[in-house]
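Me: I have a structure here that I would like to look at closely, one part at a time. Could you walk me through it?

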Amino acid sequence: MALQGSVRIGADRLRDAAGAFTERVFRRRRAVAVRAREADLRYRTLFECVSDGFALVEVIPDAAGHVQDYLVLEANPALLRMMNWNQSPVGKRQSEALANMPTGWLRACDTAMQGRPVTLEHHSRRTGRWFEIHFSRITNRQLAQLIVDITERKQAEQRGAEMFDELNHRVKNNLAIVSSMLAMQARSTTAPEVREQLTIAVDRIQTVADIHATLYRTGRKDEVDFAAYLNGLCDRLGASLLDPARVTLTLDAAPTTLPLDRAVALGVLVNELVTNAAKHAYPAPDSGRISVRLEHDDETLALTVEDGGQGFPAEPQDTGLGMRLIRSLVEQLGATFEIKHNPGAAILVRMPAEAKCEASGC
């Protein structure tokens, strides 16, 4: 009897332990299920209520493995409102949802599927609005797209660009008026020294005006295609300062884009250096060549103005306005200034390459 009682007690304890274990397992599963439902609820609430568009898609690769289309798995209500869709794109291919696939869209998807998130801007002709689309890989076949309406930002940028264009146009016109007045004064004066100084002043003002004209023509807002500008500057200086039968002006400029303030300073500097060479290097009847070179690498932008004429004196004076202006501009650019005699004069200006270079090897 004692043995039977012990067996029953052991069996009861075993059942109790098994029951307790089972209860713990069920509690854990219920807790996991509750957390999963809460997470799903949070996701669904965010999915339904967020103001930005969201789509989950499954990519459709071509034979080479590149994305050629994709199937829309999920799309939130904000996306339907943003794209002005009457029907949900879920279950459709992208090529069916958007009849005209934006340029670069599938290429961005392909890049994102390689693990590199991509962002691009898209202007919808159908809605007239601008969107910023962020592409991110979720799995080996799935891709998330977050679509943000940036229309107001683009409109603000457009208003700013229009105001800049207007300001730039007015600056160009005002400089042209001042230049014309000085040129008129130079023609009317009988003193040769005064006429020369007024003509030099006209060239300095025109150099700045040409930079603003370049901005206005190219549509750039705060950067100048300096190589193209330099070509026009040298053409103008050669025509106004040199006797083409005796002296030629050549240019070799690497493709370079400069911020507006650096372009203005460097343009005036080139004007001063070429004007100085035209005035002193080849007095009649001497003949020769003045060369301008613009070179750059990853660290340095180098400007050289060189001639084979009489050269500078051993101790060039700083009393003239031209030389003082040259040294002031060099300091403004954070550059170094070097004069070489070989024979003639070669002036080398080196500055940090803070510009954006457009050469393929830059």
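Which residues does Ser-291 touch, not counting residues up to four places away in sequence?

Reply: Leaving out residues up to four places away in sequence, Ser-291 touches Thr-250, Thr-304, Val-305 and Glu-306. Ser-291 itself sits in strand E9, which covers residues 288–296. Ser-291 counts as buried because its relative accessibility is 9%, and the cut-off for buried is under 20%.

Searching the whole structure turns up one cavity of 30 Å³ or more, and the volume of the largest cavity is about 140 Å³. Its lining is made up of 17 residues, and those nearest the centre are Leu-79, Trp-85, Gln-94, Trp-105 and Gln-145. By class, 14 of the lining residues are nonpolar and three are polar, with no charged residues. Several elements supply at least two lining residues each, among them strand E1 (53–61), helix H2 (77–83) and strand E5 (142–149).

A word on confidence before you read further into the model. Mean pLDDT over the chain is 78, and 78% of the residues score at least 70. Of the chain's elements, E4 has the highest mean pLDDT, 91, while strand E13 (residues 356–357) has the lowest, 44. Strand E4 (129–137) also supplies at least two residues of the lining of the largest cavity. Over residues 355–362, pLDDT stays under 50, and the model has 19 contacts beyond four places in sequence for that stretch. Where pLDDT is low, predicted coordinates should not be read in detail.

Conventions: Residues numbered from 1 in each chain as written. Predicted model: local features only at pLDDT ≥ 70, side-chain atom pairs only at ≥ 80, totals over all residues. Heavy atoms only, no water. 1 Å grid on protein atoms, 1.4 Å probe; cavity = no way out; pocket = protein on both sides within 12 Å on 5 of 7 lines; lining within 4 Å. Points joined across faces, edges and corners; volume = space filled by probe spheres on them. Helix = DSSP H or I, 4+ residues; strand = E, 2+ residues; numbered from the N terminus. Nonpolar A, V, L, I, M, F, W, Y, C, P; charged D, E, K, R; others polar. Buried < 20%, exposed > 50% of the residue type's maximum accessible area, 1.4 Å probe, protein only. Contact = heavy atoms within 4.5 Å. pLDDT = per-residue confidence, 0-100.
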